[in-house]
2 protein chains.
Amino acid sequence: MSLAQLKYFVAVAEEGNVTRAATRLRIAQPPLTRQIRSLEEELGVPLFERTARGVRLLPSGETMLAHARAILAQVDAAVVAVQAGAPVQTEAPPSVRSR
Amino acid sequence: MSLAQLKYFVAVAEEGNVTRAATRLRIAQPPLTRQIRSLEEELGVPLFERTARGVRLLPSGETMLAHARAILAQVDAAVVAVQAGAPVQTEAPPSVRSR
DNA sequence: AGATCCAATACCGTTTGGATATGGCTCACG
DNA sequence: CGTGAGCCATATCCAAACGGTATTGGATCT
């Protein structure tokens, strides 16, 4: 799993359409289709339902979407914190923290 | 920035020694050195101080280490949640959340 | 039925990542 | 001191991953 894959996944989920997501990501549709498929295979869980009009998130996809957004936000926060030279402490969010 | 890079960074930080970290990661030392360097360049911030005995975290590295661990933990949590089929909600941790 | 829209597959070139070989520097120790 | 050991950095090569183009198959809407 890569951060790019997570970014791609979020874009597809938001667009509901691989082709439009690809345009938004400034990559071509076929590689995007492959990255999504590869993510599903790595997780061992399908994330989207394919329809003739595009794709729709499955429940597992909804779960992944929330996590993916949290991860990407945390990456952004890390960059900001490090570049600001701030000694920030991090912790896992309550909903995903190990109990 | 990639998740692999973050994993590598954490290993180097924990070992304080690129060669030992490479062994632990089961990759060779030169590619690990390059990945660390590339991460520092991407961030525009040095993370380690190089000494004759190994490497030591700089303050910016300490900050990054906390964030990197949080990110990797969140990735693990995402995998577990999705594979468990659980509709978990995620949120950013307070210390890194946008205010 | 035909046009359209969409994801999927096949194939290719480029880029990235890891391995091996080697150099240079610093510290430990006689 | 000087010699050897340990460690990071650099150079070069090979393999794997990524993105692009071309094209196909299938579903929907006139």
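Tutor: B:Glu40 is placed in helix α3 of chain B, where helices (H or I, at least four residues) and strands (E, at least two) are DSSP runs, numbered from the N terminus. This is a predicted model, in which local features need pLDDT of at least 70 and side-chain atom pairs count only at pLDDT 80 or more, while totals for chains, interfaces and linings use all residues. Residues are numbered from 1 along each chain as its sequence is written, chains are lettered from A and ligands numbered from 1 in the order in which they are written, and side-chain values use heavy atoms, with hydrogens and water left out.

Student: Which residues does B:Glu40 touch, not counting residues up to four places away in sequence?

Tutor: A contact means heavy atoms within 4.5 Å. With residues up to four places away in sequence set aside, B:Glu40 touches B:Val45, B:Pro46, B:Leu47, B:Phe48 and B:Arg50.

Student: With which residue does B:Glu40 form a salt bridge?

Tutor: A salt bridge is a side-chain nitrogen of Lys or Arg within 4 Å of a carboxyl oxygen of Asp or Glu. Side chains of opposite charge can pair when their charged atoms come close. Here the closest N and O atoms are 2.9 Å apart, and the partner of B:Glu40 is B:Arg50.

Student: How many residues apart in sequence are the parts that this pair ties together?

Tutor: B:Glu40 lies in helix α3 of chain B and B:Arg50 in strand β1 (residues 48-51) of chain B, so the parts tied together are 10 residues apart in sequence.
B:Arg50 itself is partly exposed, its relative accessible area being 45%.

Student: What distance separates a polar side-chain atom of B:Arg50 from a phosphate oxygen of DNA strand D?

Tutor: A polar contact is a pair of N or O atoms within 3.5 Å; within protein, one must be able to donate a hydrogen and the other to accept it, and residues adjacent in sequence count only if both atoms are side-chain atoms. For B:Arg50, the distance is 2.9 Å.

Student: Which residues come nearest to DNA strand D?

Tutor: A residue is near a strand if one of its heavy atoms lies within 4 Å of it. Of the atoms of DNA strand D within 4 Å of the protein, 62% belong to sugar or phosphate and the rest to bases. Among the 21 residues around DNA strand D, those that come nearest are A:Tyr8, A:Ala28, A:Arg34, B:Val18 and B:Thr19.

Student: Which element gives the largest share of the surface near DNA strand C?

Tutor: At least two residues of that surface come from each of α2 (18-25) and α3 of chain A and α3 of chain B. The largest share is four residues, and the element that supplies them is α3(B).

Student: Which residues are linked with A:Glu15 in a network of salt bridges?

Tutor: One bridge joins the side chains of A:Glu15 and A:Arg24 at 3.1 Å, N to O. A:Glu15 is partly exposed at 25% relative accessible area, and A:Arg24 is partly exposed at 42%. The network links A:Glu15 with A:Glu14, A:Arg20, A:Arg24 and A:Arg69.

Student: In what order do the elements of chain A run?

Tutor: Chain A has four helices and two strands. From the N terminus on, their order is α-α-α-β-β-α.

Notes. Buried < 20%, exposed > 50% of the residue type's maximum accessible area, 1.4 Å probe, protein only.
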